[in-house]
Amino acid sequence: MSDDHTHVQEFFGARAAGWDRRFPDDGPAYAAAVAELGLREGDRVLDAGCGTGRALPPLRAAVGPSGVVVGADLTPAMLRAAVAAGRDGDGHLLLTDVAALPLRSRSLDAVFAAGLVAHLPDPAGNLRELARVVRPGGVLALFHPIGRAALAARQGRRITPGDLRAEPNLRPLLAGSGWDMTAYIDEDARFLALAVRAS
């Protein structure tokens, strides 16, 4: 396991049990972001870096009982918290790295990724792997329940020009990874970038 993976697992593993209590009001923001994906009954969707599975219930509601919902996370404690919250009933949980997904190429209609981009050790390569598992025309949502400025303030830091989620940085990163950005929203109340899988 790489040092990046160890750091991510240690960071989130130590916080998993109390994660949902720290952010109790995020549910509506997750539901609104999932709605932006435009999922239909029967679609197949991945929650990449699903954590405690807060997006799984709205994803299941969007694709219905005939759809497929998969939650993938690198941290065992986060998946245990998802099970403890009963969210494993809304999707299949996988302990895996998004850099090497055990999924067939072009097998999904969409990927939802909350708070994931900042934790990717190889953003371009990891976004290419997400593109690999999505059919052409499928959708990616990069989401955070608060915007970049609000998140930086919460963490006691400033936004830098090199911030990966800044539109001038994110758009070419996505384009070089097989995605065409179609929407970019960075407000205090949410961050959302939508992209379509290029053919």
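## Salt bridges and a strand hairpin

Glu187 has Arg190 in S7 as its bridge partner. This is a predicted model. The two strands concerned are S6 (residues 179-187) and S7 (residues 190-197). They run antiparallel and are joined by eight bridges. Together, S6 and S7 make a hairpin, with two residues between them.

Glu187 and Arg190 also meet through their side chains, in a salt bridge of 3.7 Å, N to O. Glu187 is partly exposed, at 43% relative accessible area. Arg148, Asp163, Arg165 and Asp186 belong to one network, joined by salt bridges that share partners.

In total, the structure holds nine salt bridges.

| Salt bridge | N to O distance |
|---|---|
| Arg135 and Asp109 | 2.7 Å |
| Arg171 and Glu167 | 2.6 Å |
| Glu187 and Arg190 | 3.7 Å |

Arg135 and Asp109 form a salt bridge. This pair links distant parts of the chain, 26 residues apart. Arg135 sits in strand S5 (residues 134-144), and Asp109 in strand S4 (residues 108-114). Is Asp109 buried or exposed? Asp109 is buried, because its relative accessible area is 9% and the cut-off is under 20%. Arg135 counts as partly exposed, at 26% relative accessibility.

Arg171 and Glu167 pair within one helix, H8 (residues 167-175). They are four residues apart, so about one helical turn separates them.

How values were computed: Residues are numbered from 1 along each chain as its sequence is written. This is a predicted model: local features need pLDDT of at least 70, side-chain atom pairs count only at pLDDT 80 or more; totals for chains, interfaces and linings use all residues. Side-chain values use heavy atoms; hydrogens and water are left out. Two strands pair if DSSP finds at least two bridges between them. A salt bridge is a side-chain nitrogen of Lys or Arg within 4 Å of a carboxyl oxygen of Asp or Glu. Buried means under 20% relative accessible area, exposed over 50%, partly exposed in between (1.4 Å probe, protein chains only).
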